[in-house]
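Hi everyone, thanks for coming.

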Amino acid sequence: MQKKVSKLNVRFLFALCMLITCSLIASSAFAQINITGRVTDKRNQPLPGVTINIKGSDFYTSTNNEGYYKVSVENEKAVLVFSFISYITEERVVGNSKVINVVLIDRVNDLDEVVVIGYGTEKKSDLTGSVSSIKADEIVQSKTVSFIEAMQGKMAGVQITSSSGEPGAGVNISIRGANSINAGTTPLYVIDGIQIDANEGETAGFSSVANPLTSINPSDIESIEVLKDASATAIFGSRGANGVVLITTKSGKGSSKIELNTFTGVSNATKQLDLVGGQDYADYRFELDRFNTFYGEDTDGDGILDTVKDYSSLPSINWQDEVLRPAISQNYNISYSEGGPKTDFSTSLGYFSQEGIVLKNAFERYSLNLNINHKPNIKFKIGTRLNASYVESNGVGSSNGQNLIYNGI
């Protein structure tokens, strides 16, 4: 009897141990470790939309507008992968940490940067020869009236020249040389998907006939891409024969942000022409034309002009000093932007004023930009883009024989 009881006790203890062991294994298999944290850039700014993947699994999540995230892993050996466009991918082992904060670093090599092309977006490394790109920081640093002037010297194969230095003057753009004997070289401009012909002036909705594209505030531009070859411009047909300039204006990103940009500059003529005095000029003109009675006179009565008239008593005026001046330029731009998972908002108000170094020459622009996008679901998106401006340009032209400096001297 005692043997039977002891055998029953042994069996009971064995079954109990097995039950406890299985329970521990099951509980450990289904245990979850909750990890939280924040993802920022090197300037401590939050990065919304950063993709977080548990390495070796199909699980993905992303950071919110403030850069925070929350994820659950099975054990301490799990590896979190943080990836974001234009930033170096980071991997972190969970270990004993319950809070993992990550700082993502900008890519030094921008060949993986995504650029806008005629039919979507592509990696810059795939289109280096056919597409040139300028980002917002480079545009703002140029401190120019028009974004076209900000492109000068920064894009291979793009030649930009101006026939005048007056504020708001027109420019000539040639992308990889001339493509026609009779037609011009002006490329097609596409602003936020809307095709603009810079030669149409009033037809395109601009008030400035000198350079209609000066109505666009460079501070409102997110990026400029220049499409150069046939494959990149195929979607635009013959209108893209001279190349295409794609302009994308700013949209809201991340948390609420208010920016104020301002600058003031002074321009002046670095060198003036050396001019002769009044009497020296009369001597010069008399030597050129001995029959000009305005500069010569007949002193012996033989009907032949033999002496230069005396103009030494007349004052000699350097008209360069009378016409040229130090010219002041000033710019003020205030903007507000905010971006969320479904709605982003961006608006800006700008004022730009530039005086010419020639008296009475001036350019003035008031601009308003408004971009709103809403995406209620993955298949539907609505939005509005408004770019309004008032431009006033005054002064004497510098073409068609109206060059004040040339005619004045």
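The protein chain has seven helices and 23 strands; these are DSSP runs, H or I of at least four residues for helices and E of at least two for strands, numbered from the N terminus. This is a predicted model, where local features need pLDDT of at least 70, side-chain atom pairs count only at pLDDT 80 or more, and totals for chains, interfaces and linings use all residues. Residues are numbered from 1 along each chain as its sequence is written, and side-chain values use heavy atoms, with hydrogens and water left out.

Five strands make an open, antiparallel sheet in the order 17-20-21-22-23, where pairing takes at least two DSSP bridges between two strands. At the edges are strand 17 (257-267) and strand 23, each pairing on one side only. Within this sheet, strand 21 (residues 343-355) and strand 22 (residues 362-377) pair in the antiparallel sense over 13 bridges. Look for Tyr351, which stands opposite Tyr366 in strand 22.

Where is Leu386? Leu386 lies in strand 23, residues 380-394. Leu386 is partly exposed, at 40% relative accessible area; that class falls between buried, under 20%, and exposed, over 50%, with a 1.4 Å probe and protein chains only.

Finally, of the 409 residues in the protein chain, 33% count as buried.
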